[in-house]
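The points are meant to be read beside the structure.

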Amino acid sequence: MEDKQSEVILIGIWRSSYCQRIELALKLKGIPHKYVEEDLSNKSELLLHHNSIHKKVPVLIHNGKPIAESLVILEYIDEHWNNSPKLFPDDPYLRAKLRFWANFYDQKIMVAILPIIMSKGKQREKAIEEMNELLRVFIEGIMKDFPEKFPFDGQNLGLLEVIAGTNLCNYKAFNEAVAVAWSPEKTPPELLTWVNALNQHSLIKQTIPPHHKLVAAIMEKFSRFLKHDA
Ligand SMILES: N[C@@H](CCC(=O)N[C@@H](CS)C(=O)NCC(=O)O)C(=O)O
């Protein structure tokens with residue numbers, strides 16, 4: 001049981017899906033918390049002090065103790081508040097599989113958007129193809145490893161739904177701001193069905209930013225690369 005003195009602070013930036021995944025996990029578990037919006041162009045003492053190694057958001061501060069790196073934070077949340085909806089299954093093998101696909105998502109898919117944004121012409125086409133291929137590998141892999149999760153019941157969000165939901169549910173904003181970063185027709189249909197169902201989840205709806213606000217933020221952040229697309 002949580003003690004009355006428990007204090008949870010999330011340092012984040014609103015437009016980051018690394019931060020939205022933590023926000024979503026806290027909401028899912030019903031964990032009261034304070035949210036502090038960071039200014040990455042002028043990093044606060046709070047951030048520099050609590051994540052002196054990477055100096056990145058998100059950072060979760062629980063009773064004064066900082067935890068950095070979103071996947072580490074999600075695991076901490078699930079272990080500390082272990083009585084409410086679980087992000088991880090109990091079975092060690094399934095937990096290992098889940099960590100594998102979560103790492104794949106972060107190490108491959110989360111970073112595959114930058115080569116699309118920063119290139120043009122044939123290079124961009126190639127980067128888009130690579131993104132579609134990574135998404136194909138991801139959806140086919142998780143359908144094989146977690147067949148009981150498909151079709152998605154629209155209710156139970158586990159680790160992968162939290163990670164991919166807060167990222168892929170924003171795909172229309174990326175497509176509008178950047179280029180066609182993900183072409184659903186070029187990936188297995190189950191991926192779009194899954195993402196559309198995730199998009200209907202009330203807590204995901206509450207957590208991801210409004211489409212137009214996100215389009216504007218992406219265009220502003222990457223304006224020097226996107227100018228040549230106009
Ligand atoms: N691996 C990190 C990535 C977090 C990350 O890249 N955060 C970005 C915002 S989306 C950041 O704080 N960037 C600041 C910087 O690079 O100086 C995680 O999972 O938490």
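1. UniProt lists residues 91-225 for "domain: GST C-terminal", in an unreviewed entry. UniProt positions are given in the numbering used here, feature names are shortened, and annotations may be inferred rather than shown by experiment. Over residues 91-225 the chain is 71% helix and 0% strand, with the end C-alpha atoms 45 Å apart. Helices (H or I, at least four residues) and strands (E, at least two) are DSSP runs, numbered from the N terminus.

2. The model is a predicted one: local features need pLDDT of at least 70 and side-chain atom pairs count only at pLDDT 80 or more, while totals for chains, interfaces and linings use all residues. Residues are numbered from 1 along each chain as its sequence is written.

3. For "domain: GST N-terminal", again from an unreviewed entry, UniProt gives residues 6-85. Over residues 6-85 the chain is 38% helix and 21% strand, and 19 Å lie between the end C-alpha atoms.

4. The protein is divided into domain 1 (8-80) and domain 2 (92-227), with bounds that come from an automatic or database domain assignment. The centres of the two, taken over C-alpha atoms, are 21 Å apart. In the contact between them, 12 residues of domain 1 meet 17 residues of domain 2; contact requires C-beta atoms, placed from the backbone, to lie within 7 Å.

5. On the side of domain 1 that touches domain 2, helix H1 (17-29) and helix H3 (70-80) each supply at least two residues. H1 gives the most, with 8 residues. That side of domain 1 divides into 6 nonpolar, 2 polar and 4 charged residues. Here Ala, Val, Leu, Ile, Met, Phe, Trp, Tyr, Cys and Pro count as nonpolar, Asp, Glu, Lys and Arg as charged, and the others, Gly among them, as polar.

6. Helix H4 (residues 92-109) and helix H7 (residues 159-168) have axes that come within 10 Å and cross at roughly 10°. Axes are lines fitted to C-alpha atoms, for helices over the stretch in contact, and angles run from 0 to 180 degrees between N-to-C directions. H4 and H7 are therefore roughly parallel to each other (angles under 35 degrees). Leu-98, Trp-101, Ala-102 and Tyr-105 in H4 meet Leu-159, Leu-160, Ile-163 and Ala-164 in H7. The residues of this contact divide into 8 nonpolar, no polar and no charged.

7. The residues around the ligand include Ile-13, Tyr-18, Lys-55, Val-57, Pro-58 and Glu-69, where a residue is near if its C-beta atom, placed from the backbone, lies within 6 Å. The shell around the ligand divides into 6 nonpolar, 2 polar and 3 charged residues.

Definitions and conventions:
Angles under 35 degrees count as roughly parallel, over 145 as roughly antiparallel, 65 to 115 as roughly perpendicular and the rest as oblique. Two residues are in contact if their C-beta atoms, placed from the backbone, lie within 7 Å.
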